[in-house]
Amino acid sequence: MTSKNKALETYIPIANLIAQTFGKNCEVVLHDLSIPQNSVVYTVNNHVTGRQVGQPFEHLIKDVLLSKNFENDCTANYRTTTIAGKKIKSSTALLRDAKGEVIGALCVNYDLSPLNDMKILLDEFMDTQQEKIEATVEPFDNVIEIVEDLINKMIGNSSVTTLKRKDKIELIQFMDKKGVFLIKGAIEKVAEKLNISKVTVYSYLDAIKKSENE
């Protein structure tokens, strides 16, 4: 485990237990959300999705925090698809410290591919929901707080006055890929924290989309 957060180490036995209980098709990933760009700090059975220590989170905002099923700090049984085309049943729970602050996330990914031939018998087990967030939404109050904290951690200790335009664009591109701007009001918060105008954030996003389409 690469995290310096000792509190997260207590979840390693739980990750191992889940993986051992459900077998080789069950992957468990532990995230340290104090380092969003490198949040993956521990994995078990990572052949399921290919998640590697040092990678950033992928589905935390879009499929977990913005889900209508997000309750009691977790979203269970949402569907994702790997680059290789595997159908994955995923569940994610936020992890809090003794002060009640979100410090990490525990994600369980189960590969449904081997169960395809048994689908009729396993329909109840394989029942999943997938929400596609296409526009900005008004999230729950605690989600706003969590995402704002993630934005602060993405920016880190960098002095925004010394950040070059290229650095700011890279930060905004990372935030955009992770779904930050699907949160209503996120554009304004990021603009304020980067000491730029809202119009500038929009122009950066337009430039990013143009470069990705080239």
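Strands β4 (residues 87–96) and β5 (residues 102–111) run antiparallel and are joined by nine bridges. Strands are DSSP runs of E with at least two residues, helices are runs of H or I with at least four, and both are numbered from the N terminus. Pairing of two strands requires at least two DSSP bridges between them. The model is predicted: local features need pLDDT of at least 70, side-chain atom pairs count only at pLDDT 80 or more, and totals for chains, interfaces and linings use all residues. Residues are numbered from 1 along each chain as its sequence is written, and side-chain values use heavy atoms, with hydrogens and water left out.

β4 and β5 form a hairpin with five residues between them. In its turn, Gly-100 has a positive phi of about 90 degrees. Across the pair, Leu-94 stands opposite Ala-105 of β5. Ser-91 has Val-108 of β5 as its bridge partner. β5 also pairs with β1: seven bridges join these antiparallel strands. Glu-27 has its bridge partner in β5, namely Asn-109. Nine of the ten residues of β5 are buried (under 20% relative accessible area, with exposed over 50% and partly exposed in between; 1.4 Å probe, protein chains only). β5 is therefore largely enclosed by the rest of the structure.

The open sheet has five strands in the order β2-β1-β5-β4-β3, with antiparallel pairing. β2 (40–44) and β3 (74–81) are the edge strands, and each pairs on one side only. From one strand to the next, the twist averages 20 degrees. Helix α2 (residues 12–22) packs on the sheet and touches β1 (26–32), β2 and β5. Contact means heavy atoms within 4.5 Å. The direction of α2 makes about 165 degrees with that of β1. Axes are lines fitted to C-alpha atoms, for helices over the stretch in contact, and angles run from 0 to 180 degrees between N-to-C directions.

A helix pair was also examined. Helices α6 (residues 186–193) and α7 (residues 198–213) pack at about 105 degrees, with their axes 8 Å apart. The two helices are therefore roughly perpendicular (65 to 115 degrees). Ile-187, Glu-188 and Ala-191 of α6 meet Lys-198, Val-201, Tyr-202 and Leu-205 of α7.

Definitions and conventions:
Parallel < 35°, antiparallel > 145°, perpendicular 65-115°, else oblique.
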